[in-house]
Amino acid sequence: MVGLRSILVFLVLFKSFGSIIGEEEEFSEALLLRPLPDRKVLAHFHFESKVPPTRTHGSHHHLFPKSIYQLVHKFRVREMELSFTQGRWNYGRWGGYDPISSRNAKPPGVELWATFDVPQHQVDASWRNLTHALSGLFCASINFLESSTAYSSPQWSFKSFAANMRYGTLPREAVCTENLTPWLKLLPCRDKAGLSALMDRPSIYRGFYHSQRLHLVSNEFDLATSSSGIVLEQTLTVVLQPVTLGSGMTSSVGSIQQPSWSLSSLFGRKVSGRCVLSNDSNVYVQLEPDLVSELKTTSEMQQQSDVENLITQAWSDMSFEMSDSPVRIIKEVYGFQKESSLLYEFSLANFSDSRPFDLEFRWKRPVTWSSQLAPLQASRFLMGSGNERGAIAISLKSVGRSGYAKSSVNEEGKCSLRVDVFQVVPWYVKVYYHTLKVFLDERLHSLEDVIERTNVSPSEDKVSPGLMEIALRLPCDVHSVILTLEFDKGFLHIDEYPPDANQGFDIPSALIRFPEIKTKMHLFEDKSACKSPILSKLQEESPVLWYTEVLLVPLTTPDFSMPYNVITITCTVFALYFGSLLNALRRRVEEEERLLKSKATKASGPIGVLLSKLSAKLRGKPLEPPSSSSSSKVSYKLILRVILVAVIAAAWQYFFG
């Protein structure tokens, strides 16, 4: 019986040990390079770390960053996204209808949103503690988001069920290497090996757009279902202007040839192999669908629509060439586009310090194309003048490509398009939400005919910002949509103004969301493609997002030099007044008279005294000392001076105080 029990215990322990061994930590790295139509190059770094649940794997980790793990468990974070962005994504030239732009095009400054697995009354406290922890972790001013005037509670703009969600943004936060360095420290190899070694600071920050993002999903607190642990996704998206390799060429029609580039020309470094702790380390070069179509048209190798020839020989096509041959070529299959994008995969497994990887992409002839755009292009601007009131306008214009929209049909059989608008306005910009007007093709429409769903939270002075969530149902053939909102400009206390108050105050970017229009890459069913985290992420559906501009609102600003001027003139007047008054009150007149009398006696001598007595007898008047008249004159002058200063001070206080 004892032997049977020991065997059962051994089997149970062996099974549990096998399950723990099967669930190991994972880390992968990837770099996606994409030529852009405006002679720039998009570089998208993707790092993903996975850790099994704590109840099966324990709390000790080898690859997963300990600081993030402690942050998740201390504040019970279910999902979080933090981004540091410098510059603004150019949706018109760099695309707005692809997975990278929808997930990684972020507003300028700092954006943070998080959902918590805590009771409703503890969400605000968890948010404040989280902002302080992230501020110290990333050397940023994220702790400014702890104030109730800096964050809001969206209901359905980011997640369909976000009861415990908080959202905050700092549009004026400067992004520098102090934020990138702690972000790199979360990687197992940091910036010493692998693809992260390409992140040369001058090369990264001289780009036109730079956004580092951290997205966290945790299922640690779902005990009822099978938990996948914690998944940490770190991305760095940079738009760089390559240094041209060789002289540029111009075609007969006047189009300028795209600049050739390499990894060393973009980042100033080469890749000396993969990170030894990563399970997957690849570099991808993506050609957009419109570029593939243009290459098919202009290439002399193509006869009619020879797709197979392009897929197998595009890396040495007549229009461009690459220095290394790819491991494989992945073709996208998409129904709405005439052509599909191509992905060229390069593995870093066979490269080392003695044989570094330096991919070179060289153009042979001028090629022009355009990126995929969202169905509506959004912009936001201010209307009105003066420091008292104004209006905010959001403009949506059609791009003329209705094939993108997976529209729905209403009860009347008409095609419609769903557009969500999310906007947060600071409390000192007092928005009147009842003044909302919607213009379709420059015609005013009733709100009941256009608005499908609303969530409005008016601002409260010095307590909370204003929040607006609107779901619009627009006809598919609409060309332009304009939303206007009127507002009044509030007054701040002098202590509430920032140091650069004359520059103006920022209104964070508005978010335009197309929930019914999903974007993803449709790749061939390949098991190896599913193993790559970046390819799996590109194949996930995500709604098309568009962030508008940050608005700069000038408020009534006091003359900050006036307090200094008033203080100095007041102190001067009071010093003169009280100095003269104290001088008059503290002066000893009798002692001064005796002192003057003695001085006069000593100066005149006995002959002077006799002459004074003789003149007094001749005049028939008693003898008077000369010091008394002088002292009285001095006292009269002092009193007159004190009165004059008091009158001046009273007049100044009356007219200028």
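1. Which element gives the most to the lining of the second largest cavity? In this predicted model, that element is H5, which contributes four residues. The cavity has a volume of about 50 Å³, and a search of the whole structure finds three cavities of 30 Å³ or more.

2. The residues that line the second largest cavity are His44, His46, Pro99, Ile100, Arg103, Asn104, Glu233, Ile534, Lys537 and Leu538. Two or more residues of this lining come from each of S2, helix H5 (99–104) and helix H14 (533–538). Sorted by class, the lining comprises four nonpolar, three polar and three charged residues.

3. Turning to the packing, the largest nonpolar core has 79 residues, and Phe45 and Met80 are those with the most contacts inside it. When neighbours within four places in sequence are left aside, phenylalanine 45 is in contact with Ala30, Leu31, Leu195, Leu198, Met199, Gln234, Thr235, Leu236 and Phe267. A second, separate core holds 73 residues, among them Val425, Leu440, Leu483 and Val553.

4. On the backbone, arginine 39 deserves a look, as its phi is near 65°, a positive value in a residue other than glycine. Arginine 39 sits in the loop between strand S1 (26–35) and strand S2 (41–51), and it counts as partly exposed because its relative accessibility is 27%, between the 20% and 50% cut-offs.

5. Arginine 190 likewise has a positive phi, near 50°, in a residue other than glycine. The loop that holds arginine 190 runs between helix H7 (177–184) and helix H8 (201–205), and with a relative accessible area of 43% this arginine is also partly exposed.

Notes:
Residues are numbered from 1 along each chain as its sequence is written. This is a predicted model: local features need pLDDT of at least 70, side-chain atom pairs count only at pLDDT 80 or more; totals for chains, interfaces and linings use all residues. Side-chain values use heavy atoms; hydrogens and water are left out. A nonpolar core is a set of buried Ala, Val, Leu, Ile, Met, Phe, Trp, Tyr and Cys residues joined through side-chain atoms within 4.5 Å. Buried means under 20% relative accessible area, exposed over 50%, partly exposed in between (1.4 Å probe, protein chains only). Contact means heavy atoms within 4.5 Å. On a 1 Å grid over the protein atoms alone, a cavity is a set of points where a 1.4 Å probe fits but cannot get out, and a pocket is an open set with protein on both sides within 12 Å along at least five of seven lines; lining residues have an atom within 4 Å of a point. Grid points are joined across faces, edges and corners, and a volume is the space filled by probe spheres set on the points. Ala, Val, Leu, Ile, Met, Phe, Trp, Tyr, Cys and Pro count as nonpolar, Asp, Glu, Lys and Arg as charged, and the others, Gly among them, as polar.
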